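Hello,

Here is the structure I promised to pass on to you.

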Amino acid sequence: NDGPTVLQTGYGFGHFYNSFSMSSATCALVIMTGNLGKPGAGYGPSPVCSFNPSQAYSYPEDAEAVVIAGVGVQHEEGWVNPRGRSISVSQLPDVMATGMYNGEPLELKVVLHHSGNPFGNTPGRTELMEAVEKIDYIVSCELMMTDTSRYADIILPVAFWFEEQDMYQPWQTQYMYYGGKAVEPLGECKSEFEICQLLAERLGFGEYFQDDETKVMRDAIDN
């Protein structure tokens with residue numbers, strides 16, 4: 001078939017440190033088959049509809065907001081980030097090298113990671129991993145051994161998808177699905193939600209994490 005072809009990929013490539021090589025090979029395939037630069041052909045990610053519950057379940061009213069260029073919500077005085085100092089993974093090398101962030105001193109010693117694999121799919125990985133080596137302690141909440149977990153000092157086992165309740169949004173839809181807990185987690189596995197609640201309690205922030213998973217999901221949907 002000599003007709004135009006569109007090659008769409010999912011997010012799976014980005015889960016591994018060699019994702020750039022896989023993406024380059026896919027682009028080369030599109031070029032070699034003549035499916036670039038003509039109507040009806042091309043290459044790109046599959047379209048995804050997004051749902052963001054952060055407006056329903058957000059940050060405490062007394063959180064220390066900061067003004068950071070390009071991060072947060074834009075106001076007349078600049079960009080205001082209600083979470084306080086929020087560091088992108090791509091900014092980590094500069095922070096670890098200078099000990100500064102947004103013009104202020106910042107000593108980063110501990111990193112708690114969950115719900116992603118930033119050490120495996122972030123641009124400038126060589127510089128990033130050099131910065132990671134300078135972090136005193138890394139905790140990874142994971143279901144499997146990812147590139148990020150390999151650099152962790154301790155791994156907290158999380159519950160599998162069928163062992164916790166959660167909300168899901170399938171690709172290319174505007175609907176949210178509820179996934180109920182089918183079985184109890186094995187051993188000492190806990191959901192990321194419960195891990196964050198327990199850590200917040202031990203760190204003195206438990207008052208901000210009193211809602212259970214059901215209430216958080218209901219608040220997000222009702223909004």
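Below are some notes on its aromatic pairs and a surface patch.

This is a predicted model, in which local features need pLDDT of at least 70, side-chain atom pairs count only at pLDDT 80 or more, and totals for chains, interfaces and linings use all residues. Residues are numbered from 1 along each chain as its sequence is written, and side-chain values use heavy atoms, without hydrogens and water.

Let's start with the rings. Rings of Phe, Tyr and Trp (its six-membered ring) pair if their centres lie within 6.5 Å; planes under 30 degrees apart are stacked, over 60 edge-to-face and the rest tilted. That rule gives three aromatic pairs. In one of them, Phe119 and Tyr151 have ring centres 6.2 Å apart and planes at 85°, so they meet edge-to-face. Phe119 sits in the loop between strand S8 (110-114) and helix H3 (125-132), and Tyr151 in the loop between strand S9 (137-142) and strand S10 (154-157), so this pair ties together parts 32 residues apart in sequence. Helices (H or I, at least four residues) and strands (E, at least two) are DSSP runs, numbered from the N terminus.

Phe160 and Trp161 form a tilted pair, because their centres are 4.6 Å apart and their planes at 50°. Ring pairs also join Phe160, Trp161 and Phe162 into a cluster.

How covered are these residues? Phe119 is buried at 5% relative accessibility, whereas Tyr151 is partly exposed at 32%. Buried means under 20% relative accessible area, exposed over 50%, and partly exposed in between (1.4 Å probe, protein chains only).

Finally, Tyr175, in the loop between strand S11 (166-168) and strand S12 (177-179), is exposed at 59%.

Enjoy exploring!
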